Amino acid sequence: MLIAADKFKGSLTAVQVAERVTAGLRRAVPEAVVESLPVADGGEGTVDAAVAAGFERREARVAGPLGEPVTAAYALRDGTAVVEMAEAGGLQRLPAGVLAPLTASTYGAGELLRAALDAGATTLVFGVGGSATTDGGAGMLTALGARFLDADGQPVGPGGGALREVATADLSGLDPRFAEVGFVLASDVDNPLTGPGGAPAVYGPQKGASPQDVQVLDAALSRFAQVLEEAIGPRAAEYALAPGAGAAGGIGYGALVLGARFRPGIEVMLDVLGFAPALERATLVITGEGSLDEQTLHGKAPAGVAAAARAAGKEVVAVCGRLALAPQALGRAGIRRAYPLTDVEPDVQRCIAQAGPILEDVAERIARDFLG
């Protein structure tokens, strides 16, 4: 039996989910053979999932979203580094109650990528999601040697709002190692950089952007893409429209400018984590995340796990805190049945507070249904 679940956001990490499900299964069937492979789709928890799969955890001091130093982790094994943007510039890095949609910067993400290269990485898997930023990756590119100047020849300030003032871009100083390494942009979203489906409009409000801020950021990122087009040619405009450009406040765009190749985050992570051989050994796969809903079907970890398992002819069930999908939708995704915590404890707040013990009870039920 293989447990390949993502985190229950706000309650349990992916590693804790696997531990609790294992405990519940073995409570019902002590001799059950259980293998766990915590998964992530490129967002928060991606480094932890890689470490759980045997990667070495490394740390670096980098700039947080507001410029303050933070200790950020990445994972390294056999020349492959898994770098999680949120470790440097995630919403969790902001002080409590503070949002900075116009000024938060991705500078620290660039420093983290550089640290991975300095450690000998020849392949970079760049997981993006959960960002506090909407700067199109300008901060990241600056940390890696680019210069973005205003009409007076002065560097523009940090954050997406400042890009309204950008007049010229100089990429000649970019770290040359990006021309030599494998660079994969791993994301669960395929939005373009700007427009109605772009980073500011779709994700800006989650980062504290008012309707006026969204307009400012959209215009600023459009200006940024225009200036980059003047610097590097028409491919800059193509990158702005490409799937994934709008990921994590547009850091996907900056990664594409650096030469990254976009792939759905869960597909990349399943490859990196060694999911295929673990799947071969499994008779039943248990996946899941905090909320199984429409978003799950669009590139989230459980959908990716279920698709891979179905292709291998393996049965899949899911655990979740909350279930908002009909059985038919679950079936189309390759999930035979879902087990929400709310079936055991209808009070949602209690479910969140006591997610671990309740998940053990749910896993015991799965064992009775499928192993008994």
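Two strands are taken to pair if DSSP finds at least two bridges between them. Helices (H or I, at least four residues) and strands (E, at least two) are DSSP runs, numbered from the N terminus. The model is predicted, with local features requiring pLDDT of at least 70 and side-chain atom pairs counting only at pLDDT 80 or more, whereas totals for chains, interfaces and linings use all residues. Residues are numbered from 1 along each chain as its sequence is written.

The protein chain comprises 15 helices and 13 strands. Five of the strands form an open sheet in the order S2-S1-S11-S12-S13, with parallel pairing. Its edge strands, S2 (35-36) and S13 (337-340), each pair on one side only. Four bridges join S13 to strand S12 (residues 315-323) in the parallel sense, and Tyr-339 in S13 is the bridge partner of Val-319. Helix H12 (residues 301-311) lies across S12 and strand S11 (284-292), and runs at about 160 degrees to S11; this angle, on a scale from 0 to 180 degrees, is between N-to-C directions of axes fitted to C-alpha atoms, for helices over the stretch in contact.

At the level of the whole chain, the radius of gyration, taken over C-alpha atoms, is 21 Å, which agrees with the value near 21 Å for a compact globule of 372 residues. The globule rule is 2.2 Å times the number of residues to the power 0.38. Buried residues (under 20% relative accessible area, 1.4 Å probe, protein chains only) make up 56% of the 372 residues. Of the contacts (heavy atoms within 4.5 Å) between residues at least 6 apart in sequence, 72% join residues at least 24 apart.

Key. Side-chain values use heavy atoms; hydrogens and water are left out. Buried means under 20% relative accessible area, exposed over 50%, partly exposed in between (1.4 Å probe, protein chains only).
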